[in-house]
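This report is meant for someone meeting the model for the opening time. Please keep the sequence and the structure in view while reading.

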Amino acid sequence: MAYGLLNGFYEEFFFLGLITSVKEENKWYALIFSTLVRISFHTYQGIIWAIAIGVIFGLFYYFMYKNVVKNLLPFFLMHALTDMFGTGLIYLLISWNY
(Lines give C-alpha, C1' and ligand atoms only; values in the text may rest on other atoms or scores of the structure.)
Protein backbone atom coordinates (compact mmCIF):
# COMPACT_ATOMS: atom_id res chain seq x y z
CA MET A 1 0.00 0.00 0.00
CA ALA A 2 2.79 2.40 0.91
CA TYR A 3 4.60 1.68 -2.35
CA GLY A 4 1.42 2.35 -4.31
CA LEU A 5 1.00 5.73 -2.64
CA LEU A 6 4.64 6.66 -3.16
CA ASN A 7 4.65 5.44 -6.75
CA GLY A 8 1.61 7.55 -7.61
CA PHE A 9 3.24 10.55 -5.98
CA TYR A 10 6.66 10.38 -7.56
CA GLU A 11 5.52 9.42 -11.05
CA GLU A 12 2.95 12.19 -11.32
CA PHE A 13 5.23 14.67 -9.58
CA PHE A 14 7.81 13.94 -12.25
CA PHE A 15 5.54 13.60 -15.28
CA LEU A 16 3.10 16.42 -14.59
CA GLY A 17 5.51 18.50 -12.53
CA LEU A 18 8.06 18.51 -15.35
CA ILE A 19 5.55 19.80 -17.85
CA THR A 20 4.20 22.49 -15.54
CA SER A 21 7.64 23.80 -14.58
CA VAL A 22 9.13 24.59 -18.00
CA LYS A 23 8.82 27.76 -20.03
CA GLU A 24 5.82 28.00 -22.33
CA GLU A 25 7.92 27.66 -25.49
CA ASN A 26 9.30 24.33 -24.22
CA LYS A 27 5.99 22.76 -23.13
CA TRP A 28 5.66 20.54 -26.20
CA TYR A 29 9.21 19.21 -25.81
CA ALA A 30 8.55 18.47 -22.14
CA LEU A 31 5.23 16.81 -23.02
CA ILE A 32 6.87 14.55 -25.60
CA PHE A 33 9.74 13.70 -23.24
CA SER A 34 7.36 13.04 -20.35
CA THR A 35 5.16 10.81 -22.53
CA LEU A 36 8.15 8.77 -23.75
CA VAL A 37 9.48 8.31 -20.21
CA ARG A 38 6.00 7.35 -18.97
CA ILE A 39 5.80 4.74 -21.74
CA SER A 40 9.24 3.37 -20.86
CA PHE A 41 8.27 3.07 -17.18
CA HIS A 42 5.35 0.80 -18.11
CA THR A 43 6.94 -1.51 -20.71
CA TYR A 44 6.93 -4.34 -18.16
CA GLN A 45 3.17 -4.47 -18.78
CA GLY A 46 3.69 -5.03 -22.51
CA ILE A 47 4.35 -2.48 -25.21
CA ILE A 48 0.68 -2.02 -26.15
CA TRP A 49 -0.32 -1.32 -22.54
CA ALA A 50 2.72 0.91 -22.07
CA ILE A 51 1.77 3.03 -25.07
CA ALA A 52 -1.87 3.16 -23.94
CA ILE A 53 -0.89 4.20 -20.42
CA GLY A 54 1.76 6.64 -21.58
CA VAL A 55 -0.21 8.33 -24.31
CA ILE A 56 -3.86 8.07 -23.25
CA PHE A 57 -3.51 8.52 -19.49
CA GLY A 58 -0.51 10.81 -19.73
CA LEU A 59 -2.17 13.21 -22.13
CA PHE A 60 -5.50 12.96 -20.31
CA TYR A 61 -3.85 13.83 -16.98
CA TYR A 62 -1.93 16.71 -18.57
CA PHE A 63 -4.95 18.28 -20.26
CA MET A 64 -7.09 17.78 -17.16
CA TYR A 65 -4.42 19.47 -15.05
CA LYS A 66 -3.95 22.31 -17.52
CA ASN A 67 -7.64 23.02 -18.15
CA VAL A 68 -9.61 21.80 -15.11
CA VAL A 69 -7.92 20.94 -11.83
CA LYS A 70 -4.63 22.94 -11.42
CA ASN A 71 -3.67 20.76 -8.44
CA LEU A 72 -1.42 17.70 -8.56
CA LEU A 73 -2.97 15.98 -5.51
CA PRO A 74 -5.95 14.39 -7.35
CA PHE A 75 -3.56 12.96 -9.92
CA PHE A 76 -1.32 11.52 -7.19
CA LEU A 77 -4.35 9.88 -5.63
CA MET A 78 -5.80 8.55 -8.91
CA HIS A 79 -2.47 6.99 -9.81
CA ALA A 80 -1.99 5.53 -6.33
CA LEU A 81 -5.49 4.04 -6.22
CA THR A 82 -4.99 2.52 -9.66
CA ASP A 83 -1.69 1.01 -8.59
CA MET A 84 -3.11 -0.37 -5.34
CA PHE A 85 -6.47 -1.67 -6.51
CA GLY A 86 -6.92 -1.42 -10.27
CA THR A 87 -3.98 -3.48 -11.40
CA GLY A 88 -4.60 -6.09 -8.73
CA LEU A 89 -8.22 -6.42 -9.83
CA ILE A 90 -7.22 -6.67 -13.49
CA TYR A 91 -4.70 -9.39 -12.61
CA LEU A 92 -7.34 -11.37 -10.73
CA LEU A 93 -9.83 -11.09 -13.57
CA ILE A 94 -7.29 -12.13 -16.21
CA SER A 95 -5.84 -15.03 -14.25
CA TRP A 96 -9.23 -16.37 -13.14
CA ASN A 97 -9.73 -19.89 -14.50
CA TYR A 98 -13.32 -20.72 -15.23
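Which residues does Leu72 touch, not counting residues up to four places away in sequence? Leu72 touches Leu16 and Tyr65, where contact means heavy atoms within 4.5 Å.

## Basis of the report

This is a predicted model, in which local features need pLDDT of at least 70 and side-chain atom pairs count only at pLDDT 80 or more, while totals for chains, interfaces and linings use all residues. Residues are numbered from 1 along each chain as its sequence is written, and side-chain values use heavy atoms, with hydrogens and water left out.

## Overall make-up

The chain has four helices and zero strands, and its elements run α-α-α-α from the N terminus on. Helices (H or I, at least four residues) and strands (E, at least two) are DSSP runs, numbered from the N terminus.

Of the 98 residues in the chain, 31% are buried; buried means under 20% relative accessible area, exposed over 50%, and partly exposed in between, with a 1.4 Å probe and protein chains only. The accessible surface of the chain comes to about 6,800 Å², and carbon and sulfur atoms account for 75% of that surface. Such areas come from the Shrake-Rupley method with a 1.4 Å probe, and for residues only the protein chains shown count as cover. Among contacts between residues at least 6 apart in sequence, 49% join residues at least 24 apart.

Lys27 is found in helix 2, which covers residues 27-41. Lys27 is buried yet has no salt bridge, and the nearest side chain of opposite charge, that of Glu24, is 4.5 Å away. A salt bridge is a side-chain nitrogen of Lys or Arg within 4 Å of a carboxyl oxygen of Asp or Glu; Lys and Arg count as positive and Asp and Glu as negative, whereas His and the chain ends are not counted. A polar atom of the Lys27 side chain does lie 2.9 Å from the backbone oxygen of Ile19. Leaving aside residues up to four places away in sequence, Lys27 touches Ile19, Thr20, Val22 and Tyr62.

Val37 is also found in helix 2, and it counts as buried because its relative accessible area is 15%. With residues up to four places away in sequence left out, Val37 touches Phe14 and Phe15. Val37 and Phe15 are 22 residues apart in sequence and 8.2 Å apart in space, C-alpha to C-alpha.

The buried residues of helix 3 are Ala50, Ile53, Gly54, Gly58, Tyr61, Tyr62 and Tyr65. Ile48 has its place in helix 3 (residues 47-69), and Ile48 counts as exposed because its relative accessibility is 66%.

Ile48 belongs to a nonpolar surface patch with Ile47, Ile51, Val55, Ile56 and Phe57, and together these residues have about 570 Å² of accessible area. Patches are made of residues with over 30% relative accessible area and no salt bridge, with like charges joined within 9 Å and nonpolar side chains (Val, Leu, Ile, Met, Phe, Trp, Tyr) within 5 Å.

Lys70 is found in the loop between helix 3 and helix 4 (73-95). Its phi is near 60 degrees, a positive value in a residue other than glycine, and Lys70 counts as exposed because its relative accessibility is 54%.

Leu72 lies in the loop between helix 3 and helix 4, but Leu72 counts as buried because its relative accessibility is 15%. The C-alpha atoms of Leu72 and Phe9 are separated by 8.9 Å, although these residues are 63 residues apart along the chain.

Notes
A polar contact is a pair of N or O atoms within 3.5 Å; within protein, one must be able to donate a hydrogen and the other to accept it, and residues adjacent in sequence count only if both atoms are side-chain atoms.
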